[in-house]
Amino acid sequence: MRLAIDIGATKTEFGCFDDESVARYSQVTPTPNTTWDAFLELLRNAIASAEKEVGSVDDVGVSIAGMISPPGGEVYCANLEFLSGRTLASDLQSALQKPVMAANDAACFALAETTAGIAAGYQNVFGLILGSGIGGAAVVNGQTVPGGSGFSGEWGHGNRLDHAIKTLHLSPRQCGCGGSNCLDLFGAGIGMTNIYFDYSGEESNARSILSSWQAGDDLATKSVEAFVHLVSDALALLVNIVDPQIMPVGGGLSNNAGLIAYLDAETRRKSLGKLQNELIVPGKYNTNGCLLGASFL
């Protein structure tokens, strides 16, 4: 049995799937964000728990909210600094004494959707993550496209919004990647809360903001409109370059159908191609696609 692990900025999920992609074991726990030793303890406990439920864990597939460099397998993870610089797969393999494969979470999600989800049968797919952070990955003819540096599909960092945030009267921010004003700071779940704070001076969360937006609240509406403006600009450029046939979305924000429909309409309106049909859609595995994809590694 393969244990799949999805390491996110706030939580880590574990699962074992059968041949029908049905979870036979699952566990969710907060991600330790301090030390490697605490992280290893979490993984060892999860393996022990899984083996009690489903039998021997023979190998491990890992999805991580970070980029993995192809030459040496080093991880770059802006939101989990204690993992950055580690050769995650080989380090875990040594520590756990089991074969380990690792990939970016967006790549795992896109692989799940292309293999068994809403994008099955499409040749050119770009999977999107809109959760705590932003991610993306291309799958062509059923294969992920890793690129030369491991940063293929990265559209949330290095995408500086200096001019746009001035126009929208948003506060500049420093990013964990070392840059500033990255789309990830304004376009993910935390981005929506950042925008709302700049407009209202009040702390909130994406779920509450979206609920208020759908109820017609003025500040929430202003915040969501700014959010969609920034994200759809970036996605329209991505669509012009990659020209995907479908873009399944995973992560917490994908659960709001109204937001995804709004984002889809604005992205298609701004794209050069004449895209009449829906392009950006909630994934079939929008809540556990990264985990399922890790089991396919």
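**View 1. Covering of helix H10 in the predicted model.** The buried residues of H10 are covered by elements that include strand E1 (2-7), strand E2 (11-17), strand E4 (59-64), helix H3 (105-116) and strand E8. Helix H10 spans residues 289-296 and is mostly covered, with 7 of its 8 residues buried. These buried residues are Gly289, Cys290, Leu291, Leu292, Gly293, Ala294 and Ser295.

**View 2. The largest nonpolar core.** This core holds 43 residues, and those with the most contacts inside it are Trp155, Met247 and Leu259. Elements giving two or more residues to the core include strand E9 (134-140), helix H6 (189-200), helix H8 (218-242) and helix H9 (257-270). Helix H8 supplies the largest share, 11 residues.

**View 3. Surroundings of Trp155.** Leaving aside residues up to four places away in sequence, Trp155 touches Phe126, Leu128, Leu130, Ile134, Gly135, Gly136 and Leu183, among others. Its contacts also include Val231, Ala234, Leu235 and Leu238.

**View 4. An open sheet of 5 strands.** The strands follow the order E10-E9-E8-E11-E12, with mixed pairing. Strand E10 (143-144) and strand E12 (280-282) are the edge strands, and each pairs on one side only. E9 and E10 run antiparallel and are joined by 2 bridges. Val140 stands opposite Gln143 in E10.

**View 5. Helices H8 and H9 across the strands.** Helix H8 lies across E8, E11 and E12, and runs at about 160 degrees to E8. Helix H9 also lies across E8, E11 and E12, running at about 165 degrees to E12.

Conventions:
Residues are numbered from 1 along each chain as its sequence is written. This is a predicted model: local features need pLDDT of at least 70, side-chain atom pairs count only at pLDDT 80 or more; totals for chains, interfaces and linings use all residues. Side-chain values use heavy atoms; hydrogens and water are left out. A nonpolar core is a set of buried Ala, Val, Leu, Ile, Met, Phe, Trp, Tyr and Cys residues joined through side-chain atoms within 4.5 Å. Buried means under 20% relative accessible area, exposed over 50%, partly exposed in between (1.4 Å probe, protein chains only). Helices (H or I, at least four residues) and strands (E, at least two) are DSSP runs, numbered from the N terminus. Contact means heavy atoms within 4.5 Å. Two strands pair if DSSP finds at least two bridges between them. Axes are lines fitted to C-alpha atoms, for helices over the stretch in contact, and angles run from 0 to 180 degrees between N-to-C directions.
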